[in-house]
Amino acid sequence: MAIPKKYARPVTVDGTAFRWRVRRKPTYCQGNGWGPMTFAVEPADTPGRVLLVSLPCSRPDAWLGERATAVRPALVKAP
């Protein structure tokens with residue numbers, strides 16, 4: 001399943017264009033802080049091959065006070 005283009009953000013890594021997106025609303029588990037912060041990345045030229053990245057922290061909009069981080073383009077580019 002491809003990432004919708006409407007809310008996807010572009011990023012270029014080593015000359016390859018990608019699109020990435022964080023889910024707009026947390027799932028129930030993410031909201032409670034039980035699930036990790038995740039975002040999806042796919043190549044911009046061949047949509048459909050999606051990589052789901054999980055971070056070892058919770059979402060900033062989690063309902064319970066957990067350690068959180070915001071996903072920024074620099075974090076998406078990091079190895």
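Which residue is the bridge partner of Arg21 in β3? The legends below start with the whole predicted model and reach that pair in the fourth view.

**View 1. Overall fold of the predicted model.** The protein holds 2 helices and 4 strands. Read from the N terminus, the elements follow the order β-β-α-β-β-α. Along the principal axes, the C-alpha atoms fill a box of roughly 40 × 25 × 15 Å. The protein has 79 residues, and 30% of them count as buried. Take the contacts between residues at least 6 apart in sequence: 40% of these join residues at least 24 apart.

**View 2. The open sheet.** The 4 strands form an open sheet, ordered β1-β2-β3-β4, with antiparallel pairing. Its edge strands are β1 (9-13) and β4 (51-55), and each of them pairs on one side only. Neighbouring strands of this sheet are turned against each other by 35° on average, direction ignored. Strands of a sheet pair through backbone hydrogen bonds, in either the parallel or the antiparallel sense.

**View 3. The β1-β2 hairpin and Asp14.** Strand β1 runs antiparallel to strand β2 (residues 16-21), and 5 bridges join the two. Within this pairing, Pro10 has Arg19 of β2 as its bridge partner. The hairpin has 2 residues between the strands. Asp14 is found in the loop between β1 and β2. Most residues other than glycine have a negative phi. Is Asp14 buried or exposed? Asp14 has 77% relative accessibility. The cut-off for exposed is over 50%, so Asp14 counts as exposed.

**View 4. The β2-β3 pairing.** Strands β2 and β3 pair in the antiparallel sense. Their pairing spans 4 bridges. Here is the pair from the opening question: in β3, the bridge partner of Arg21 is Ala40.

View 5. Val22 is found in the loop between β2 and α1 (28-31). How exposed is Val22? Val22 has 23% relative accessibility. Buried means under 20% and exposed means over 50%, so Val22 counts as partly exposed. Leaving out residues up to four places away in sequence, Val22 touches Met37, Thr38, Phe39, Arg59 and Val71. Val22 and Pro43 are 21 residues apart in sequence, and their C-alpha atoms are 15 Å apart in space.

**View 6. The largest pocket.** About 310 Å³ of space lies in the largest pocket. Which element gives the largest share of the lining? Strand β3 (residues 37-43) does, with 3 residues. By class, the lining has 9 nonpolar, 3 polar and 2 charged residues.

Notes. Residues numbered from 1 in each chain as written. Predicted model: local features only at pLDDT ≥ 70, side-chain atom pairs only at ≥ 80, totals over all residues. Heavy atoms only, no water. 1 Å grid on protein atoms, 1.4 Å probe; cavity = no way out; pocket = protein on both sides within 12 Å on 5 of 7 lines; lining within 4 Å. Points joined across faces, edges and corners; volume = space filled by probe spheres on them. Nonpolar A, V, L, I, M, F, W, Y, C, P; charged D, E, K, R; others polar. Pairing = 2+ DSSP bridges. Axes fitted to C-alpha atoms, helices over the stretch in contact; angles between N-to-C directions. Buried < 20%, exposed > 50% of the residue type's maximum accessible area, 1.4 Å probe, protein only. Contact = heavy atoms within 4.5 Å.
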